[in-house]
Amino acid sequence: MKILIILILACIIASLGSALFYLLRSQPGSPRTVRALTARIALSIGLFLLLAAGMRLGWLQPHATLAPDHADAGAPHDVTGDNPHRQRITQP
């Protein structure tokens with residue numbers, strides 16, 4: 001799955017590069033640039049749908065943003081209220 005994602009990303013970049021090439025080298029009014037950009041958009045939407053389906057079906061698993069030994073070090077994503085390092089703001 002990861003190799004497929006990397007290949008699609010490479011195709012997106014190649015399509016963007018070919019659109020730039022056609023923009024600089026083609027005759028005015030040539031549809032080649034539009035076709036290359038349309039292919040890039042289609043690949044981007046397809047990649048987004050593939051990532052969404054992969055997350056939904058369990059093919060892709062998100063990973064933690066912090067190492068397990070740093071998980072209790074007052075990370076900003078701690079929303080449980082169990083963080084002893086965070087100051088409580090009280091209003092009068």
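In this predicted model, the buried residues of helix α2 pack against α1, which spans residues 2–25.

Helix α2 covers residues 32–57, a run of 26 residues. From its first C-alpha to its last, α2 reaches 37 Å, close to the 38 Å expected at 1.5 Å a residue. The buried residues in α2 are T33, A36, L47, L50 and G54. Just after this helix, G58 adopts a positive phi of about 85°.

T33 lies in helix α2. Its relative accessible area is 14%, and because buried means under 20%, T33 counts as buried. Leaving aside residues up to four places away in sequence, T33 touches A19, Y22 and L23.

The largest nonpolar core consists of six residues: I5, I8, I12, L47, L50 and L60. Two or more residues of this core are given by each of α1 and α2. The largest share, three residues, comes from α1. In soluble globular proteins, nonpolar side chains tend to be buried together.

I8, a member of this core, touches L43, L47 and L50, again not counting residues up to four places away in sequence.

| Residue | Residues touched |
|---|---|
| T33 | A19, Y22 and L23 |
| I8 | L43, L47 and L50 |

Definitions and conventions. Residues are numbered from 1 along each chain as its sequence is written. This is a predicted model: local features need pLDDT of at least 70, side-chain atom pairs count only at pLDDT 80 or more; totals for chains, interfaces and linings use all residues. Side-chain values use heavy atoms; hydrogens and water are left out. Helices (H or I, at least four residues) and strands (E, at least two) are DSSP runs, numbered from the N terminus. The expected span of a helix is 1.5 Å times one less than its number of residues. Buried means under 20% relative accessible area, exposed over 50%, partly exposed in between (1.4 Å probe, protein chains only). Contact means heavy atoms within 4.5 Å. A nonpolar core is a set of buried Ala, Val, Leu, Ile, Met, Phe, Trp, Tyr and Cys residues joined through side-chain atoms within 4.5 Å.
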